[in-house]
Amino acid sequence: MSESEVTPATEVAPPYRSGPLAPAAGRPKRVRIQHLRELKERGERWPMLTAYDMYSAEIFDEAGIPVLLVGDSAANNVLGYGTTLPITVDEMLPLVRAVTQATHTALVVADLPFGSYQIGPEQALTTSFRFMKEAGAHAVKLEGGARFVPQVEALTGSGVPVMAHLGFTPQSEHTLGGYRIQGRGGGREQLIEDAIALQNAGAFAVVLEMVPAEVAKQVTAELVIPTVGIGAGPDTDAQVLVWSDMAGMNRGRKPRFVKQYADLGNVLLDAARRFGDDVRGGSYPDAEHSYQ
Ligand code: KIV
């Protein structure tokens with residue numbers, strides 16, 4: 001029996017998640033890379049979110065988000081760095097492990113940090129094997145165009161699914177001259193060539209970050225693998241957001257493409273203030289919250 005017979009495509013169509021307390025027998029199967037290709041073939045869009053810890057991962061998994069990215073954006077969303085550049089493999093491994101352990105359905109992608117794959121295919125393999133063996137990642141993501149074809153070929157040839165990342169690539173912010181829209185003018189053809197080269201090398205999806213909507217539309221039409229947009233307009237096959245932007249945990253400046261779906265930062269601020277007031281005023285803990 002083939003893998004596609006075991007996990008028919010219809011299993012990824014929502015609702016395919018039954019909650020963390022559901023009996024194991026009732027649980028849907030893990031999303032696989034071929035399901036994402038099938039969604040593209042059927043013209044069904046899908047969402048992706050970042051996750052960096054067990055509670056958020058559990059909630060997003062239950063919400064039916066089919067792909068969770070443990071992004072190197074953990075650098076500036078968890079660890080307090082100013083950019084994604086400083087985060088290391090050793091800092092990311094526990095975050096990836098927390099997310100894979102908390103999910104039943106989502107495909108978990110580990111982002112390869114800056115400096116952990118650029119040296120060559122061997123380095124990319126060594127890093128990716130660590131994410132898969134030590135943290136249970138199902139795939140990895142790397143930033144960059146055709147120059148990284150050798151890495152993508154080595155990884156996919158060795159059992160590591162690869163999500164590519166083109167357009168604005170934050171690890172290259174210093175060579176790109178800051179946070180700038182990519183793929184305009186002459187950059188358009190280069191972006192398309194890069195996307196095709198990465199697809200041919202075996203990538204199962206391509207993130208397109210901060211590129212004009214028309215360019216993302218064209219790339220999406222030219223590829224058989226799904227495109228995942230972030231600041232790339234409405235025509236990509238999937239959309240990704242950093243969860244702390246999407247849910248309002250980040251109360252600072254956000255890029256124009258971010259839509260905020262909740263105000264968790266202010267909810268938490270209010271909760272912390274009320275807890276503080278209760279402790280200072282002596283109303284917590286009361287009898288209900290004490291052992292007799
Ligand atoms: O690290 C990250 O969160 C990312 C997404 C923005 C695609 O690369």
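**Aromatic pairs and the ligand site**

The structure, a predicted model, holds 4 aromatic pairs. Local features need pLDDT of at least 70 and side-chain atom pairs count only at pLDDT 80 or more, while totals for chains, interfaces and linings use all residues. Residues are numbered from 1 along each chain as its sequence is written, and side-chain values use heavy atoms, without hydrogens and water.

Me: Why is the pair of F275 and Y284 called edge-to-face?
Reply: Rings of Phe, Tyr and Trp (its six-membered ring) pair if their centres lie within 6.5 Å, with planes under 30 degrees apart counted as stacked, over 60 as edge-to-face and the rest as tilted. The centres of F275 and Y284 are 6.0 Å apart and the planes stand at 65°, so the pair is edge-to-face.

Me: What makes F275 partly exposed?
Reply: Its relative accessible area is 49%, and the class lies between buried (under 20%) and exposed (over 50%), with a 1.4 Å probe and protein chains only. Y284, at 36%, is also partly exposed.

Me: Which residues surround the ligand?
Reply: T50, L69, G71, D72, S73, D111, K141, H165, I230 and V242; a residue is near if one of its heavy atoms lies within 4 Å.
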